[in-house]
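Hi there,

Here is the structure I promised to pass on. Have a look at it first, and my notes on what turned up follow below.

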Amino acid sequence: MQGTGDYHIYAFEAANEANYGEAKSLIAEGLASGKIKASDPIVQEIQSALKGKAAPTEAELAAAEQGAKIPTAFLHVGDRYYGAGNYQKAAELYREAAAKGADANLASLRLGEALARAGDKAGATAALSKVGGSLAEVAKYWLVYVQHG
């Protein structure tokens, strides 16, 4: 994430998936790192769009998990847990998605990301090393994060 454009795209996608907590924490991280400025009109627009949007409650997440029946639903619920900062629970759901037949590369990438954020370097490395196809390059960046994080 290098500048306003990167943050805008990521925050928009997170909010579009109802991952408001992730979008808000992303903006806070960008502001704290100095990569984006609060005075930037795009940043103000993002913050305005997120105003009043709450991260999902545990009850909402549990209900979404209960309602998950297909592999992509497990991925989406995992994303919501990830966005809420519950990386261990997200990892569980990504494993479930893979077991139910989700795209193996996507499930492994998301699992690796969650385990990396949870501090499980060995687990993250194992998951990210399985990623191939069009997501392999993204996995390589996460492997760098794991090694240096």
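Let me start with helices H1 and H2, where Tyr7, Tyr10, Ala11, Ala14 and Ala15 of H1 meet Tyr20, Glu22, Ala23, Leu26, Ile27, Gly30 and Ser33 of H2. Contact here means heavy atoms within 4.5 Å. By type, the residues of this H1 and H2 contact are nine nonpolar, two polar and one charged. (Ala, Val, Leu, Ile, Met, Phe, Trp, Tyr, Cys and Pro count as nonpolar, Asp, Glu, Lys and Arg as charged, and the others, Gly among them, as polar.)

Before going further, please keep in mind that this is a predicted model: local features need pLDDT of at least 70, side-chain atom pairs count only at pLDDT 80 or more, and totals for chains, interfaces and linings use all residues. Residues are numbered from 1 along each chain as its sequence is written, and side-chain values use heavy atoms, with hydrogens and water left out.

Back to the first pair. H1 covers residues 4-16 and H2 residues 20-33, and they pack at an angle of about 160° with their axes 7 Å apart. Helices (H or I, at least four residues) and strands (E, at least two) are DSSP runs, numbered from the N terminus. Axes are lines fitted to C-alpha atoms, for helices over the stretch in contact, and angles run from 0 to 180 degrees between N-to-C directions. H1 and H2 are therefore roughly antiparallel to each other; angles under 35 degrees count as roughly parallel, over 145 as roughly antiparallel, 65 to 115 as roughly perpendicular and the rest as oblique. Their crossing is left-handed, a label used if the near helix is turned anticlockwise from the far one by less than a right angle, with right-handed if clockwise.

Ala11 counts as buried, at 2% relative accessibility (buried means under 20% relative accessible area, exposed over 50%, partly exposed in between, with a 1.4 Å probe and protein chains only). Not counting residues up to four places away in sequence, Ala11 touches Ala23, Leu26, Ile27 and Ile46. Ala11 and Gly30 are 19 residues apart in sequence, and their C-alpha atoms are 11 Å apart in space.

H5 (residues 71-83) packs against H7 (residues 104-118) at an angle of about 20°, and their axes are 11 Å apart. H5 and H7 are therefore roughly parallel to each other, and their crossing is left-handed. On the H5 side you will find Leu75, Asp79 and Tyr82, which meet Leu106, Ala107, Arg110, Glu113, Ala114 and Arg117 of H7. Sorted by type, the residues of this H5 and H7 contact are five nonpolar, no polar and four charged.

H7 also packs with H9: their axes come within 10 Å and cross at roughly 15°. H7 and H9 are therefore roughly parallel to each other, again with a left-handed crossing. Leu109, Glu113, Ala116 and Arg117 of H7 make this contact with Val138, Ala139, Trp142, Tyr145 and Val146 of H9. The residues here divide into seven nonpolar, no polar and two charged.

Leu115 also sits in H7 and counts as buried, at 3% relative accessibility. Leaving aside neighbours within four places in sequence, Leu115 is in contact with Ala91, Arg95, Asp120, Gly123 and Ala124. The C-alpha atoms of Leu115 and Ala127, twelve residues apart along the chain, are separated by 8.5 Å.

**Aromatic pairs**

A search of the whole structure finds two aromatic pairs. Rings of Phe, Tyr and Trp (its six-membered ring) pair if their centres lie within 6.5 Å; planes under 30 degrees apart count as stacked, over 60 as edge-to-face and the rest as tilted. Tyr82 and Tyr87 form an edge-to-face pair, 5.1 Å centre to centre with 70° between the planes, and both Tyr82 and Tyr87 are buried. The rings of Trp142 and Tyr145 have centres 5.2 Å apart and planes at 70°, so this pair is edge-to-face. Trp142 is buried, with a relative accessible area of 19%, whereas Tyr145 counts as partly exposed at 38% relative accessibility.

Happy browsing!
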